[in-house]
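Have a look at it first, and then follow my entries below.

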Amino acid sequence: MNFFVTLNGRRLKQILFIIIVSFFTALFFYTQTIAQTPVFSANDGPKAIYKGEKGIALTFNIGWGDEKAVPIINTLQKNGVKSATFFLSGSWAEQHPDIVEKIVKSGYEIGSLGYAYVDYTELDESKIRSDILKAQEVFKKLDVHDVKLLRSPTGHFDKKTVKVAEQLGYTVVHWSVDSDDWKNPGVKTIVNKTVKAKNGDIILLHASDSAKQTAKALPIITKDLSHKGKFTTVSDLITNGHVKTTLIQ
């Protein structure tokens, strides 16, 4: 009997040890996941929108080049996509007014990507404000009005960025699905990353010349996603339903 109790006591200690190790391992991976997941903002403070509720928003960043933007616009039209949002760099827009005009006449929305391709987290508030306003003046000269959406040029932003944007009447827009198309990983990879999107997602794509495979991937992407939700602009996504925001620490 004593041997039986001792044996079970050892077995119990082993089980407890395994449980404790498993618990701390799970806790480690959970905290790592939390660190990489956008935080749902539940209180007041600087916020950036990264997801909506109704519709799927295709968004295209353009910062340089004049070869890929028009084919992408044509591909969207050919495939029946009437709503999309193009975030344009001010410096690019003033060099390519004809393409800007084509975007507008095609019925697509324009958002700001600032003026120069700079990391806003490395600038003070005055320089962030200056860059946004410089782009704003370019859009006004091109007769593009009511630009109220802002995407940080490099995708990096902080409290300063959102604070200045709000003061200037802009909404900072991030994304929930990243196609990584600028890396040119292959049409199949771009498609696989993008078609995972669901209703409410904001998808990051590019129409700069660095994105050499996006136009080829778009027909497949638009066909697959059309079964998941209606294509919409970011502004309509924000207006029609609840939005999810990231709380900037």
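**A pair in helix α5**

I looked up E137 and K140 and found both in helix α5 (residues 125-141), 3 residues apart, about one turn of the helix. Helices here are DSSP runs of H or I with at least four residues, strands are runs of E with at least two, and both are numbered from the N terminus. The two side chains form a salt bridge, with the closest N and O atoms 4.0 Å apart. I count a salt bridge when a side-chain nitrogen of Lys or Arg is within 4 Å of a carboxyl oxygen of Asp or Glu. An α-helix has 3.6 residues a turn, so residues three or four places apart point the same way.

I also checked the cover on each partner. E137 is partly exposed at 40% relative accessibility, and K140 is partly exposed at 45%. My cut-offs are under 20% relative accessible area for buried, over 50% for exposed and partly exposed in between, with a 1.4 Å probe and protein chains only.

**Ground rules**

I note that this is a predicted model: local features need pLDDT of at least 70, side-chain atom pairs count only at pLDDT 80 or more, and totals for chains, interfaces and linings use all residues. Residues are numbered from 1 along each chain as its sequence is written, and side-chain values use heavy atoms, leaving out hydrogens and water.

How many salt bridges does a search of the whole structure find? It finds 7.

I turned to helix α4 (residues 97-105), where K105 and E101 lie 4 residues apart, about one turn of the helix. Their salt bridge has its closest N and O atoms 3.0 Å apart. K105 is exposed at 66% relative accessible area, while E101 is partly exposed at 42%.

Next I looked up D180, which forms a salt bridge with K183, the closest N and O atoms being 3.8 Å apart. Salt bridges that share partners join D180, K183 and K193 into one network. Is D180 buried or exposed? I find D180 buried, with a relative accessible area of 14%.

**Back to α4**

P97 also lies in helix α4, and it is partly exposed at 39% relative accessible area. I checked P97 against D143: they are 46 residues apart along the chain, and their C-alpha atoms are separated by 10.0 Å.

**One face of α6**

In helix α6 (residues 159-167), I find T161, V162, V164 and A165 buried. Seen down the axis of α6, the buried residues fall within an arc of 165°, taken from the directions from the helix axis to the C-beta atoms, so they line one face of the helix. They pack against β1 (47-51), α5, β5 (149-150) and β6 (171-172), where a contact means heavy atoms within 4.5 Å. After α6 comes G169, with a positive phi near 85°.

**Strands β3 and β4**

Strand β3 (residues 85-88) runs parallel to β4, and 4 bridges join them. Strands count as paired if DSSP finds at least two bridges between them. F86 has I110 in β4 as its bridge partner. Both faces of β4 (residues 109-112) are covered, with E109 and G111 buried on one side and I110 and S112 buried on the other.

**The whole chain**

I finished with the totals. The chain has 9 helices and 9 strands, and 45% of its 249 residues are buried. Among contacts between residues at least 6 apart in sequence, 81% join residues at least 24 apart.
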